[in-house]
Amino acid sequence: MEKRIALEKRGLPDDKITELILDNCRSTSIEGLTDSFTALEVLSLINVGLVSLKNFPKLPALRKLELSDNRIQNALSHLTGSPKLTHLNLSGNRIKDFEELQPLKELENLEVLDLFNNEVTMTQNYRDKIFELIPSLKYLDGFDREDAEAPSDEDDEANGGTGEEDYDSDLDPSSDYDEEEDEDGNLVSLADVYNENLEEDGSDWNEEDGEDDEDFDDPTDEDEDDGEGEGEGEGEGEVAAENAGSDSEAGEESEARGKKRKLEGNDG
């Protein structure tokens with residue numbers, strides 16, 4: 001325990017230490033903790049292995065003392081040297097009867113006392129007797145005289161805060177979207193900006209598709225071109241046939257004239 005105390009002090013003098021956390025340091029008795037810790041307000045000795053509070057020092061400024069999960073049976077009278085004590089946790093020890101708790105009536109400022117997992121809590125009228133023994137006591141084992149549960153966070157209660165605003169903020173999905181100002185100074189959420197970008201991307205995509213459609217040759221155009229070619233071929237064939245017919249007629253006329261001349265020559 002002495003080494004742990006030296007470590008927790010971090011080089012500060014004893015009378016400047018206001019809090020000491022010595023949980024799990026393993027010791028059956030108080031060692032290294034002296035009356036020189038005059039400014040100490042919070043002391044925690046959870047699961048250390050203490051069997052007694054013998055040699056517990058006088059700590060005039062001590063307000064909160066944690067002694068849970070040890071093997072303490074008696075010698076609670078050593079705590080009377082800390083008259084400002086308001087919170088005392090003795091749960092998980094070996095306190096069996098009220099006689100061992102009698103010294104606590106000297107602690108006139110004690111408001112919160114925990115005796116969970118002690119044999120004394122099984123005795124008849126346990127709660128009534130403890131409240132009668134310590135008139136200043138407000139909460140015993142987490143409940144007051146009327147069995148109303150003690151507040152979970154006394155600091156919030158003192159400040160009048162409930163924490164509901166923070167809770168609602170965490171549940172509200174809209175709080176996940178941050179807001180920013182646009183060029184005109186209007187607030188715009190990131191969700192709006194995201195949707196606007198999606199619309200722009202969609203319009204760009206449609207324009208690109210339109211350009212691709214223009215570059216793509218329509219098969220109907222090819223059919224029309226083929227139709228025009230076939231029409232032109234048919235026209236040329238008809239012209240050629242007409243020319244051939246005229247040539248044939250011209251030949252027949254020429255041949256008839258020749259025969260006529262021949263007959264006129266014979267007659268002469």
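Arginine 127 and aspartate 147 join their side chains in a salt bridge, with N and O 3.7 Å apart. The pair connects distant parts of the chain, since arginine 127 belongs to helix H2 and aspartate 147 to the loop between E6 and H3, 20 residues apart. The model is a predicted one. Arginine 127 counts as partly exposed because its relative accessibility is 22%, whereas the cut-off for buried is under 20%. Aspartate 147 has a relative accessible area of 54% and is exposed.

Alanine 148 is placed in the loop between E6 and helix H3 (154–159). At 34% relative accessibility, alanine 148 is partly exposed. Leaving aside residues up to four places away in sequence, alanine 148 touches Tyr139, Gly142 and Phe143.

## Other salt bridges

Across the whole structure, a search finds four salt bridges. One of them pairs arginine 4 with glutamate 8, where the closest N and O atoms are 3.2 Å apart. About one helical turn separates arginine 4 and glutamate 8, because they are four residues apart in helix H1 (residues 2–9). Arginine 4 is partly exposed at a relative accessible area of 23%, and glutamate 8 is partly exposed at 24% relative accessibility.

A further salt bridge is formed by the side chains of arginine 63 and glutamate 41, at 3.4 Å from N to O. Arginine 63 sits in the loop between E2 and E3 and glutamate 41 in the loop between E1 and E2, so this pair ties together parts of the chain that are 22 residues apart in sequence. Arginine 63 has 37% relative accessibility and counts as partly exposed. Glutamate 41 is also partly exposed, with a relative accessible area of 31%.

## The sheet

Six strands form an open sheet in the order E1-E2-E3-E4-E5-E6, and the pairing is parallel. Strand E1 (19–21) and strand E6 (139–140) are the edge strands, each pairing on one side only. Strands of a sheet pair through backbone hydrogen bonds, either parallel or antiparallel.

Strand E5 (residues 112–114) runs parallel to E6 and is joined to E6 by two bridges. Leucine 113 has leucine 140 in E6 as its bridge partner.

Asparagine 89 is part of strand E4 (residues 87–89). Its relative accessibility is 13%, so asparagine 89 counts as buried. Beyond residues up to four places away in sequence, the contacts of asparagine 89 are Leu65, Glu66, Leu67, Ser68 and Asp114.

## Helix H2 and the annotated segment

In helix H2 (residues 126–133), the buried residues are Tyr126, Ile130, Phe131 and Leu133. These residues lie on the same side of H2, because they cover an arc of only 160 degrees around the axis. The buried residues of H2 pack against E5 and E6. On the face of H2 turned away from its buried side are the exposed residues Asp128 and Glu132.

An unreviewed UniProt entry annotates residues 123–141 as "domain: U2A'/phosphoprotein 32 family A C-terminal". Over residues 123–141, 42% of the chain is helix and 11% is strand. The end C-alpha atoms of residues 123–141 are 15 Å apart.

## Serine 52

Serine 52 is found in the loop between strand E2 (42–44) and strand E3 (64–66). Although in a loop, serine 52 is buried, with a relative accessible area of 18%. The cut-off for buried is under 20% relative accessible area.

The side chain of serine 52 reaches the backbone nitrogen of lysine 54 at 3.1 Å. When residues up to four places away in sequence are not counted, serine 52 touches Thr28, Ile72 and Ala75. Histidine 78 is 26 residues from serine 52 in sequence, and their C-alpha atoms are 9.7 Å apart in space.

Key
Residues are numbered from 1 along each chain as its sequence is written. This is a predicted model: local features need pLDDT of at least 70, side-chain atom pairs count only at pLDDT 80 or more; totals for chains, interfaces and linings use all residues. Side-chain values use heavy atoms; hydrogens and water are left out. Buried means under 20% relative accessible area, exposed over 50%, partly exposed in between (1.4 Å probe, protein chains only). Contact means heavy atoms within 4.5 Å. A polar contact is a pair of N or O atoms within 3.5 Å; within protein, one must be able to donate a hydrogen and the other to accept it, and residues adjacent in sequence count only if both atoms are side-chain atoms. Two strands pair if DSSP finds at least two bridges between them. UniProt positions are given in the numbering used here, feature names are shortened, and annotations may be inferred rather than shown by experiment. The arc is that of the directions from the helix axis to the C-beta atoms.
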